[in-house]
Structure formats: structure tokens, C-alpha cells
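Hello,

Here is the structure you asked to look through. My notes follow below it.

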Amino acid sequence: MANLEQEMRTELVFHPMDQFIVKPLFGDGPVHWYTPTNVTLWMAVAIAAIFFMLVIGTRGRAVVPSRAQSIAELAYGFIHKMVEDVAGKDALKFFPYIFTLFLFIVFSNFLGLLPRSFTTTSHVAVTATLAMLVFVTVTVVGFVKNGAGFLSLFWVSSAPLALRPVLAIIEIISYFVRPVSHSIRLAGNMMAGHAVMKVFAAFAPLILLSGVGIAVTPLSIIAIAAMYGLEVLVAFIQAYVFTILTCVYLRDALHPAH
Amino acid sequence: MASETQNTAHAVADAAHGAAQAAHKGGMPQLDFTSYPNQIFWLLVALVVIYWLLSRIALPRIEAVLADRQGTIAGDIAAAEDFKRKAEEAEAAYEKALADARAQAQKIAGETRAEIQKDLDAAIAKADAEIAARSAESEKRIAEIRDGALAAVDQVAKDTAGEIVAALGGKADASAVGAAVDARLKG
């Protein structure tokens with residue numbers, strides 16, 4: 001008993017951020033750009049999940065859909081309607097691109113909720129790349145579609161003339177801050193929730209060490225359950241927010257006039 | 001008790017120490033820039049694969065299914081409307097046939113009635129003619145009988161007058177008696 005207690009004591013340690021470490025899948029060498037890592041594994045799992053939902057699920061091509069096919073159609077309809085409503089009908093040619101982003105984020109977020117999994121979207125490297133892809137695409141589309149007219153996005157013609165230069169500076173700053181907020185929001189949400197859960201989890205075995213655990217252990221377990229529920233919500237909401245913001249930016253690029 | 005308190009203090013201290021150590025040792029793996037190329041590379045690979053899956057397989061398939069369903073629903077509604085229209089047409093045809101049949105029946109009834117009336121009229125006319133003929137004949141016979149009777153009365157009167165004259169002792173001149181009777185009868 002004393003032995004076990006000793007063992008537990010040595011294990012009651014806090015590593016809330018260890019779950020985010022990028023490790024090679026095979027061996028323990030350095031992480032090169034091409035090294036298969038846990039990032040590779042969990043992205044592959046996300047791809048497999050998307051493949052099962054959208055390709056295997058729809059293989060019946062039934063006029064009256066099966067359950068799996070309904071889910072695929074529901075996801076399709078959800079994003080298709082969002083792109084059409086938020087960004088406009090002419091943005092629908094970007095629909096596969098936006099649907100790709102949404103599916104990747106939503107599946108990565110939910111896969112990250114599996115115990116012992118790795119959350120690829122909790123990394124700024126990933127979300128910043130996603131955000132920069134959106135930012136570059138939107139900026140290029142804006143200039144290709146509208147030429148110099150795209151700059152009218154920064155010239156608030158509804159404001160008094162004297163205010164317009166000031167507003168233009170603010171608009172330009174906010175435009176360039178977009179990818180930052182776009183990426184930090186997603187990574188921050190995913191990371192914070194998972195880290196908090198890990199902290200609560202570290203308190204859970206306290207009952208094996210001392211009397212205080214009688215109060216702390218149930219509390220921490222309840223807190224983990226509650227956090228998990230919240231994280232399920234956050235996983236979807238953050239994917240939704242990322243996607244709808246992409247649509248909003250795209251609308252700005254296609255119709256820059258305020 | 002004392003040992004328990006000590007234990008608790010120890011555990012909490014341990015926990016705090018662990019947390020501090022973790023924060024100190026690792027920092028945020030998110031800010032470990034050496035892992036960035038790896039993550040970005042695999043992210044781009046994943047996005048390309050997902051995009052390929054969607055644009056080549058999943059989206060055309062789902063679009064086809066949705067269009068198919070739309071077409072099926074529209075087709076079914078059109079078919080239903082067609083059937084409704086056919087039913088209405090059939091009802092109209094039925095109503096028309098019924099009205100025709102009723103008109104036909106009335107016409108036949110009218111014709112039959114007219115025919116019967118005609119036969120009846122003919123029969124009545126024939127009967128009337130026969131009756132007229134019979135009554136004419138009867139009248140003629142009555143007239144004959146009356147004439148006969150009158151002649152007989154004349155004869156009887158003459159005979160009787162002659163007999164009476166003879167009975168009275170006279171000599172009856174037949175022609176004189178006849179003339180006298182005739183004169184008397186006319187009178």
C-alpha cells in the first residue's frame with residue numbers, strides 16, 4: 001500500500017501542455033519537415049473520417065438517403081447555404097475550398113476530444129497556415145475581381161470626408177490583423193480547453209494520496225465532464241466561426257463597396 | 001492525523017512543483033518553431049487530399065443525388081398533377097355521358113309518347129268514324145222503320161175506315177176512303 005502510494009505520488013505531476021508536443025511517429029529523432037509525426041497521424045485520421053462520411057456514406061447515391069448519406073448531405077447543405085447566404089451566389093465556386101477548410105477543422109477539433117489524441121488545430125502553425133491561405137486567397141481574389149477598386153474596401157464612403165483617412169488607417173490595420181485573430185481564435189480555444197481538462201485530470205488521483213482527495217477528486221471529475229461538454233460545443237462553434245468568417249472575408253473581396 | 005496533514009501538504013506542494021516544472025521546462029509546444037515546417041507540410045498535404053476527395057468524388061456525387069432528388073420530386077408532383085387533371089377530365093366525361101344519356105332517354109320517351117299519341121289519335125279517329133257510320137246506319141234504319149210504321153198506320157187506317165164504312169152499311173169506295181184518310185192524316 002505504501003508502495004502504491006509512493007508510486008502515485010511520483011505520478012501526480014502536471015504536464016497540461018505535453019499533449020501538444022509534436023513527436024515523430026517512429027523512433028525519437030529530430031522533427032524534419034518530412035518526418036511522419038503525430039500531426040501526420042491525426043491529419044490522416046481526419047482524412048479517413050472525412051472519406052468515410054462523404055465518400056463511403058454517399059456510395060448508395062439513394063434518392064431516399066440512408067442515415068450516413070443524410071449526414072453527408074446535411075454537412076453539404078449547411079456549408080453550401082452558408083457560402084450562398086453570407087458570401088453571395090458568385091462565391092459558390094469557392095465552395096469546395098471552404099468546405100475543405102470546414103471539414104478539416106471540425107474533424108480535427110472533434111478527433112482532438114478523443115482521449116490520448118493529438119489536436120492538430122490547437123497549433124498556431126496549423127491555424128495560421130489556414131488563416132494565411134484564406135487571407136492570401138481573399139486578397140488575390142479581391143484584386144483580380146475588382147482591380148484597384150478593391151481598395152474602396154478601406155475607403156468608408158458613408159463616413160464624413162474628414163473622417164475617411166482616419167477610418168482608412170483603421171480599416172487597413174484591421175484587414176491585416178484578420179489572419180492573426182482568425183488563427184489565434186481557433187488555436188487558442190482548442191488549446192485552452194484541452195489544457196484546462198488536463199489540469200483537472202491531474203487533480204483527479206489526489207484521493208489516492210490524501211484525505212483532501214475525497215472532496216477534490218469528485219470535483220475534478222465533475223469539472224472534467226463539464227469541460228468536455230463545453231469543449232464539444234466549442235469544437236463545433238470554432239469550426240463554424242472560422243468558416244463563416246472566411247465567407248465574410250470572401251464577400252468583402254467580391255463586393256468591396258461598403 | 002498529523003501525518004495526513006503532512007501528506008496533503010506534500011501532495012499539494014508536489015502538484016505545484018510539477019506545474020511550475022512543466023511551465024518552466026516545456027513552455028508552449030505551440031511556440032516550438034522547429035516543428036512548424038513539419039506541421040505546415042503535413043497540413044498542406046492533408047488539405048490537398050481533402051480537396052481532391054471533395055472536388056473529385058464527394059461533391060459531384062452529392063450534387064447529383066440532390067439534383068436527382070429535386071428532379072424526382074418535381075417529376076412526382078407533375079405526374080400527380082397529370083393524374084389529377086386526368087381524373088377531372090374523366091369526371092367531366094362521365095358527367096357529359098350522364099347528361100347525354102338523360103337527354104337521349106327524354107328524347108326517346110318523348111318520341112314514344114308522340115308515337116303512342118299518334119296511334120291513339122288514329123284509333124280514336126277510326127272509332128269515331130265507325131261510330132258515325134253505325135249511327136248513320138242506325139238512323140237510316142230508324143227512319144225506314146218509322147216510314148214503314150207510318151205506311152202501315154196509313155194502310156191500317158184505310159183498312160179500318162173501309163171496314164168501319166162497310167160495317168155501317170155503306171159501300172166502301174176504296175179510293176174515296178183512301179183519299180179521305182189521307183186528307184185526315186195530313187190535317
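Chain B and chain A bury about 4500 Å² between them, 73% of it on carbon and sulfur atoms. Buried area here is the accessible area (1.4 Å probe) that two parts lose on being put together, summed over both. Gln30(B), Gln39(B) and Arg61(B) supply 14% of what chain B buries against chain A, more than any other three residues.

Keep in mind that this is a predicted model: local features need pLDDT of at least 70, side-chain atom pairs count only at pLDDT 80 or more, and totals for chains, interfaces and linings use all residues. Residues are numbered from 1 along each chain as its sequence is written, chains are lettered from A and ligands numbered from 1 in the order in which they are written, and side-chain values use heavy atoms, with hydrogens and water left out.

**The interface**

In contact terms (heavy atoms within 4.5 Å), 44 residues of chain B meet 56 residues of chain A. The count of salt bridges between the two chains is 1. A salt bridge is a side-chain nitrogen of Lys or Arg within 4 Å of a carboxyl oxygen of Asp or Glu. Arg69(B) and Glu73(A) form a salt bridge through their side chains, at 2.8 Å, N to O. On the side of chain B that touches chain A, α1 (2-25) and α2 of chain B each supply at least two residues. The largest share, 27 residues, comes from α2(B). Helices are DSSP runs (H or I, at least four residues), numbered from the N terminus.

**The core**

The largest nonpolar core has 67 residues. Such a core is a set of buried Ala, Val, Leu, Ile, Met, Phe, Trp, Tyr and Cys residues joined through side-chain atoms within 4.5 Å. Buried means under 20% relative accessible area, exposed over 50%, partly exposed in between (1.4 Å probe, protein chains only). Both chains contribute: α2 (36-167) of chain B and helices of chain A, including α7 (213-254), each supply at least two residues. Leu103(A) is among the residues with the most contacts inside the core. Beyond four places in sequence, Leu103(A) is in contact with Ile50(A), Met53(A), Leu54(A) and Leu54(B).

**Single residues**

Thr217(A) lies in helix α7 of chain A. Thr217(A) is buried, at 8% relative accessibility.

Arg61(A) is not a glycine, yet has a positive phi of about 50 degrees. Arg61(A) sits in the loop between α2 and α3 of chain A and is partly exposed, at 48%. Arg116(A), also not a glycine, has a positive phi of about 70 degrees. Arg116(A) is in the loop between α4 and α5 of chain A and is exposed, at 84%.

Best wishes
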